Amino acid sequence: MENITKIQLGNNGPLVSKLGLGCMRMSSIWGGPTPDETESIATIQEALDNGINFLNTGDFYGAGHNEMLVGRAIKGRRADAFISVKFGAIFHNGQWLGLDLRPLAIKNFINYSLTRLGIETIDLYQPCRMDGSVSIEDIIGTVADLIKEGKVKHIGVSEVTADQLRQANKVYPISALEIGYSLADRQIESELLPAAKELGVSVVAFANTAEGLLTGDMKAPLPQNDYHTHFSRFQGENLVENLKKVEVLKKLAADKGATPTQLAIAWVNAQGAHIMPLVSMSKRVRLPENTAAMNISFSVEEMNLLNDTFAIGAILGGTYLQR
Ligand SMILES: NC(=O)c1ccc[n+]([C@@H]2O[C@H](COP(=O)([O-])OP(=O)(O)OC[C@H]3O[C@@H](n4cnc5c(N)ncnc54)[C@H](OP(=O)(O)O)[C@@H]3O)[C@@H](O)[C@H]2O)c1
């Protein structure tokens with residue numbers, strides 16, 4: 001496996017890998033079983049060995065389980081890893097209850113995260129959402145105070161609007177925007193991506209496979225107990241139509257000697273030098289395939305084919321990412 005390219009995070013920020021490792025699916029999020037921890041830790045360590053240093057976790061991923069897992073994986077090699085943590089989501093028994101972004105809650109969350117991760121400083125700390133009940137000034141201002149205390153190095157935001165990004169950046173320079181982005185979800189291209197570029201904010205783009213839709217493995221109809229069926233994108237005729245679009249991706253992938261997932265990641269990667277695909281990988285076997293995706297480029301004709309097939313609105317129905 002080749003070492004991965006590094007990019008600068010934000011304006012004059014640290015160097016991080018252009019491919020990020022999403023750790024969320026290494027824990028039970030919605031109450032399902034916990035994936036094999038030994039394999040998850042080996043995956044993180046093999047990623048670090050290959051220069052994939054950007055690790056993404058959240059204090060609510062498995063109620064702290066994910067941070068403890070990451071902490072075990074980076075023990076003795078802190079300098080190899082760049083740790084990105086989200087906070088603010090409140091879960092109970094696998095159910096999302098809402099957000100708590102009060103300054104006093106943030107000051108509480110950070111200490112638990114540092115303990116679970118077994119580190120002194122979090123490299124990138126970010127509210128997982130904004131909700132209007134606490135001002136952006138108070139949220140970002142509190143994280144800025146944590147920088148003064150030495151508990152945090154850089155501030156990020158996640159799933160915000162262009163206006164919220166601008167407001168946050170006025171309080172303190174924002175290094176990264178974490179946001180869902182894929183061939184199937186391109187709504188951010190009109191306002192949010194241009195705002196991030198203008199402000200010098202790096203884009204950490206997750207859900208590149210659109211919840212697995214773009215892997216080419218999905219078949220209609222899905223089993224009734226599949227969690228995807230909660231979202232209209234994966235139901236009935238919507239899924240049938242959406243999978244017809246995925247056939248175009250599959251054909252292009254076959255022509256290029258690649259997999260559909262590789263093209264889905266490569267397309268995100270191609271959207272800009274400041275855009276990092278953040279990909280969930282819980283097994284080592286995923287790493288060579290997804291790392292190789294970072295070397296795939298597209299001709300003008302191939303890019304036009306993908307952009308036309310997956311034009312905004314082409315994929316029917318929504319997911320939890322609906323904006
Ligand atoms: N800020 C937010 O609101 C937010 C929301 C969701 C996620 N995130 C972060 O973003 C990361 C990525 O998001 P995501 O998990 O939703 O999307 P994703 O990276 O598209 O992953 C979806 C699924 O694709 C699978 N996969 C990966 N490589 C594959 C390959 N080569 N072939 C076939 N399947 C493959 C993964 O399986 P395996 O796990 O089995 O390898 C995973 O179950 C998460 O880990 C998390 O850190 C952030």
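1. Angles go from 0 to 180 degrees between N-to-C directions, with axes being lines fitted to C-alpha atoms, for helices over the stretch in contact. Helix H8 (residues 260-269) also packs on the sheet, where H8 touches strand S11 (202-206) and S12 and makes about 155° with the direction of S12.

2. Some ground rules. This is a predicted model, in which local features need pLDDT of at least 70 and side-chain atom pairs count only at pLDDT 80 or more, while totals for chains, interfaces and linings use all residues. Residues are numbered from 1 along each chain as its sequence is written.

3. The chain holds 10 helices and 12 strands; these are DSSP runs numbered from the N terminus (helices H or I, at least four residues; strands E, at least two). The C-alpha trace spans about 55 × 40 × 40 Å along its principal axes.

4. Now for the barrel: 8 strands close up in the order S3-S4-S5-S8-S9-S10-S11-S12, with parallel pairing. Neighbouring strands of this sheet are turned by 30° against each other on average, direction ignored. Strands count as paired if DSSP finds at least two bridges between them. Strand S3 (residues 20-22) and strand S4 (residues 54-58), for instance, run parallel and are joined by 2 bridges, and Leu-21 stands opposite Leu-55 in S4.

5. Strand S6 (residues 89-92) pairs with strand S7 (residues 95-99) in the antiparallel sense over 4 bridges, and Ile-90 has Gly-98 in S7 as its bridge partner. There are 2 residues between the strands, and Asn-93 takes a positive phi near 50°.

6. Which residues of H3 meet H4? They are Pro-103, Ile-106, Lys-107 and Ile-110, facing Asp-138, Thr-142, Val-143 and Leu-146 in H4. The axes of H3 (residues 103-117) and H4 (residues 136-149) come within 9 Å and cross at roughly 35°.

7. Finally, the ligand. It is surrounded by 26 residues, the closest being Gly-22, Met-24, Phe-206, Thr-209 and Ser-280; a residue is near a molecule if its C-beta atom, placed from the backbone, lies within 6 Å of it. Strand S12 (275-280) and helix H9 (286-292) are the elements that give two or more residues to this shell.

Key:
Two residues are in contact if their C-beta atoms, placed from the backbone, lie within 7 Å.
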